[in-house]
Amino acid sequence: MYLIENPVMQRELLVNLRMLRAFVLLFAYVALLGVVVYVAWPSQQRLDLTSSPAEARRLVNLFFLGQFVLVSLMAPSFAGGSISGEKERKTYEMLLASPMPPSAIVLGKLLASLCHLAVLVFASLPIIMLCLPLGGVSPYEVLATYIAMAAAVTMFGMICVSASSYFTRTIAAEVVSYLIILPMVLLSVMFYSVFEGAAEFRLVMLTIIFPAGCLTVSGMLLTATSRRLLHPPDVGAEAQDVVDPELEQKAAVGMVIRRDQFPDKLFVMPKRTDFMDDGINPVYDKEMRSELFGQGTLMMRMVIQLSMFLALPLMALCLYIKADWAPWYPGYVVLFNMLVGPVFSAGSITNERERRTLELLLTTTVSPWQILWGKLFSGLRISFVLTSFLVWPLLLAWSLPPWPYWGDSLTLVGYAVIICVSSLTTTTIALFCSVFFRKTTTAMMTAYVVILGLFAVPLVMQSLAMLLLRRGDPTIALVENLTFTSPFAASFALPLSLGGLEKVTPIAGNLPVFFGFLAFYVLLNGALLSTIIWLFNRRWRVRS
């Protein structure tokens with residue numbers, strides 16, 4: 001019932017592993033790791049295999065860290081909808097009514113999600129075997145790394161399954177899972193890099209302490225999730241949790257959202273109890289006052305609390321302790337918006353299709369432009385307000401003595417402009433995917449892939465440019481000129497003098513990259529909005 005005869009695990013494996021997406025993902029995963037190894041392969045014609053060459057160790061470490069980050073970031077996409085997907089398909093009540101123990105259901109969902117990731121990891125073994133003859137890394141280190149990776153991915157998968165049991169929407173569970181997993185991934189990468197010289201200590205940590213901690217956390221989450229399935233909360237029609245706003249506010253841990261007070265009503269407006277005034281866009285009003293994700297304010301509270309919990313140490317480190325790391329903080333704000341922004345717009349049109357209300361919406365007297373700008377600005381307003389909660393440390397650093405950022409006021413304004421443009425871009429891309437695709441999950445994943453390609457890939461290309469420079473490759477100029485599409489590169493392109501601070505290295509900046517970033521995304525957002533309107537009129541033949 002738990003492993004061999006587990007019907008939940010058998011069904012999930014048959015459905016997931018037979019999909020075309022599984023084969024495409026496997027090919028893309030192995031191809032990406034192969035490209036990383038090929039580019040980072042030592043360029044020397046002869047290598048000293050007896051003295052632990054640094055090039056070989058750097059190659060293996062890059063391979064391990066890249067694989068760990070990829071697998072960790074893919075875990076929410078596989079496990080985030082394990083239980084919330086049952087709620088969306090209206091099969092959650094039937095699953096709870098089955099004779100299976102709740103722990104068997106949770107374990108089956110977890111193992112089915114991890115099996116797909118395990119296939120990806122094992123498919124990369126031939127690539128790492130090609131790197132071992134170069135020397136520098138012993139087989140014991142490879143084994144220890146894979147043990148630690150398996151334990152970490154198991155914990156990440158259990159976090160996603162647990163979040164999936166608390167939320168009624170997959171996208172809400174995925175966002176909360178990403179916000180929890182991302183700092184763990186960053187800390188793990190920092191640990192692996194910092195203790196590279198202490199091989200024996202790192203070996204003990206990877207084989208004993210780290211897996212034990214991950215398995216302990218996984219066991220605790222498994223018990224809590226099974227108890228939640230054994231004693232589920234009140235469930236109403238269509239397997240939707242019954243949420244009492246007053247009881248939720250009393251039981252809330254940490255911050256409490258008041259819908260009728262500022263600034264909470266900017267992103268969670270109170271329910272309407274009267275008629276709308278003339279001239280109000282009904283689509284915009286409905287989107288802003290709807291019950292986000294059918295889960296009260298739980299998702300909003302968790303997103304805000306987790307983001308602020310991460311922002312405080314980053315603010316202290318980047319803006320005060322190491323002031324020359326200031327561009328990293330707006331990079332964190334952009335990263336937060338990358339995770340949260342698409343959530344509020346990727347289902348704008350696809351949700352109407354899934355609820356079978358799109359045809360009714362199109363037969364109203366509301367014009368296509370009103371429908372689209374209502375959907376766009378409602379998602380943009382929520383994501384922008386949530387993102388702006390993380391911008392106040394920049395204003396605080398500018399206003400507090402010894403006022404090191406006064407001379408860089410224009411740079412801080414540039415940081416704010418980058419954050420605003422990035423917020424608009426993530427919302428516009430998500431809305432475009434929602435118009436183009438038919439399912440919310442497909443639109444969501446496509447939006448994340450496109451945003452990641454525009455924002456993060458240029459940084460990888462810049463790292464490759466350093467390798468090309470080392471080899472004397474003439475294509476380095478072309479690679480460096482493509483970094484303007486990344487807001488992270490635009491943040492470092494702004495000059496930073498930090499007058500009055502000692503032992504601080506000023507940043508010269510590269511203003512053409514910043515202005516190229518602004519010009520590119522103004523044109524891109526305009527093109528996407530024009531295409532959305534054209535698709536809306538062309539596909540559904542709606543007259544303005």
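**Note on the helix packing of a predicted model**

1. Phe195 has a relative accessible area of 30% and is therefore partly exposed; the class lies between buried, under 20%, and exposed, over 50%, for a 1.4 Å probe with protein chains only. Phe195 sits in the loop that joins helix 9 and helix 10. Apart from residues up to four places away in sequence, Phe195 touches Phe201 and Arg202, where contact means heavy atoms within 4.5 Å.

2. The model is predicted, so local features need pLDDT of at least 70 and side-chain atom pairs count only at pLDDT 80 or more, while totals for chains, interfaces and linings use all residues. Residues are numbered from 1 along each chain as its sequence is written, and side-chain values use heavy atoms, with hydrogens and water left out.

3. As to the overall make-up, the protein has 24 helices and zero strands. Both are DSSP runs numbered from the N terminus, with helices being H or I of at least four residues and strands E of at least two. Of the 544 residues, 47% count as buried. The accessible surface comes to about 26,900 Å², and carbon and sulfur atoms hold 69% of it; the areas come from the Shrake-Rupley method with a 1.4 Å probe, and for residues only the protein chains shown count as cover. Among contacts with a separation of 6 or more, 80% are between residues 24 or more positions apart.

4. Two packed helices are described by the angle between their axes and the distance between the axes. For helix 9 (residues 170-194) and helix 10 (residues 199-230), the axes come within 10 Å and cross at roughly 145°. Here axes are lines fitted to C-alpha atoms, for helices over the stretch in contact, and angles run from 0 to 180 degrees between N-to-C directions. Ser188, Phe191 and Tyr192 of helix 9 meet Phe201, Arg202, Met205, Leu206 and Phe210 of helix 10. By class this contact has six nonpolar, one polar and one charged residues; Ala, Val, Leu, Ile, Met, Phe, Trp, Tyr, Cys and Pro count as nonpolar, Asp, Glu, Lys and Arg as charged, and the others, Gly among them, as polar. Phe201 and Arg202 of this contact are also touched by Phe195.

5. Helix 12 (residues 282-289) and helix 17 (residues 368-388) have axes that come within 7 Å and cross at roughly 30°. Helix 12 is therefore roughly parallel to helix 17, the term for angles under 35 degrees, with over 145 being roughly antiparallel, 65 to 115 roughly perpendicular and the rest oblique. Helix 12 contributes Val283, Tyr284, Glu287 and Met288, and helix 17 contributes residues including Trp373, Phe377 and Arg381. The contact residues divide into seven nonpolar, three polar and three charged.

6. Helix 17 also packs with helix 14 (residues 328-340), the axes coming within 10 Å and crossing at roughly 150°. These two helices are therefore roughly antiparallel, and their crossing is right-handed. Val333, Phe336, Asn337 and Val340 of helix 14 contact Ser383, Leu386 and Thr387 of helix 17. The division is four nonpolar, three polar and no charged residues.

7. Arg355 is in the loop between helix 15 (350-354) and helix 16 (358-362). Its relative accessibility is 40%, so Arg355 counts as partly exposed. Beyond its neighbours within four places in sequence, Arg355 is in contact with Arg169 and Lys286.

8. Leu528 belongs to helix 24 (residues 511-540) and, at 13% relative accessibility, counts as buried. With residues up to four places away in sequence not counted, Leu528 touches Thr428, Ile429 and Phe432. Leu528 and Ile429 are 99 residues apart along the chain, yet their C-alpha atoms are separated by 7.3 Å.

How values were computed
Left-handed = near helix turned anticlockwise from the far one by under 90°.
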